[in-house]
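Here is a short report for a reader who is new to this structure. Please look at the sequence and the model first, then read on.

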Amino acid sequence: MINAIFLDMDETLCATSLADKRAGLIVASQLGEQYPGLDAQHLVARYLQGIYKKLNDEFSGLVHLLPNERMFRAALLKALFSEQGFTLSNDSLFELQDAFNQQRMQAFDFFPNVKALLNILRADYQLVVITNGPVFSQRPKLEAVEMHKWVDHIVVGGEEPEEKPAASIFHKALDLVNCTADQVIHVGDSLTADVAGANAAGIQSVWVNPKPLHTTLEVVPNFCLSCVTELPDLLLTLRK
């Protein structure tokens, strides 16, 4: 019997990439006016790659700053401006970072119908959000949607010894709801973090994937959904 549901936040409950895109467009427009000759769209696109740690190999000299996410992102911006021959003061770098974060949080929200979904689920299940990422970015997101009003517990990877897919973060969530692994399911969009982590912890995994699948998966979820709002139908099936 399922007594609790673990849920990823970014791209599962919340439209993070849409918020990134909207913030990026606004900031790129402002930068283009402020710095003639700057390829602002390219810089912002690279910045978004960088904050998701996709440029760590390229900017390996910045990796030591990761424990301080604000300093890391400022240094990343400095390097990206330098690529195009621009030099900004530290104050300007932090102001730009803050401007992007502000626009991002203004745009950050649940996917359509997710609030109604959480209300329905919470009537019968304990809900735990398990989200990877630094406190610097994840706590503002959680506050932006008032996540504490919609779920019972929140676990932020950046506040824990290990993030998903490590078993320890799932074990913490199990302790919070006083359940065993066979009494919960974990729902998320990442095969490597959510599905692999849940599978390894002995928890049934639900992969949210809105795109058609044209390849064989190396990590196999127990269940697949195209949207998290399909979850009630799956739960009805599991009750039978």
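## A ring cluster and its surroundings

Y35 counts as buried because its relative accessibility is 16%. Buried means under 20% relative accessible area, exposed over 50%, and partly exposed in between, with a 1.4 Å probe and protein chains only.

This is a predicted model, in which local features need pLDDT of at least 70, side-chain atom pairs count only at pLDDT 80 or more, and totals for chains, interfaces and linings use all residues. Residues are numbered from 1 along each chain as its sequence is written, and side-chain values use heavy atoms, with hydrogens and water left out.

**The rings.** The structure holds 4 aromatic pairs. Rings of Phe, Tyr and Trp (its six-membered ring) pair if their centres lie within 6.5 Å; planes under 30 degrees apart count as stacked, over 60 as edge-to-face and the rest as tilted. Two of the pairs involve Y35.

| Pair | Centre to centre | Angle of planes | Kind |
|---|---|---|---|
| Y35 and F81 | 5.6 Å | 65° | edge-to-face |
| Y35 and F86 | 6.0 Å | 80° | edge-to-face |

The Y35 and F81 pair links distant parts of the chain, 46 residues apart. Y35 sits in the loop between α1 (16–34) and α2 (40–51), and F81 in helix α3 (residues 69–83). Helices (H or I, at least four residues) and strands (E, at least two) are DSSP runs, numbered from the N terminus. F81 has 1% relative accessibility, so F81 counts as buried. The second pair ties together parts that are 51 residues apart in sequence, because Y35 lies in the loop between α1 and α2 and F86 in the loop between α3 and α4 (90–107). Ring pairs link Y35, F81 and F86 into a cluster.

**Other residues.** L77 also lies in helix α3. L77 is buried, with a relative accessible area of 3%. Which residues does L77 touch, not counting residues up to four places away in sequence? They are L43, Y47, L93, L96 and Q97. Contact means heavy atoms within 4.5 Å. From L77 to D20 the distance is 16 Å, C-alpha to C-alpha, and the two are 57 residues apart in sequence.

A45 is found in helix α2. A45 counts as partly exposed, at 39% relative accessibility.

S205 belongs to strand β5 (residues 204–208). At 1% relative accessibility, S205 counts as buried. Neighbours within four places in sequence aside, S205 is in contact with H186, V195, A198, N199, V220, P221, N222 and F223.

**The whole protein.** The secondary structure comes to 9 helices and 6 strands. The C-alpha trace spans about 65 × 35 × 35 Å along its principal axes. Of the 240 residues, 47% are buried. Among contacts between residues at least 6 apart in sequence, 64% join residues at least 24 apart.
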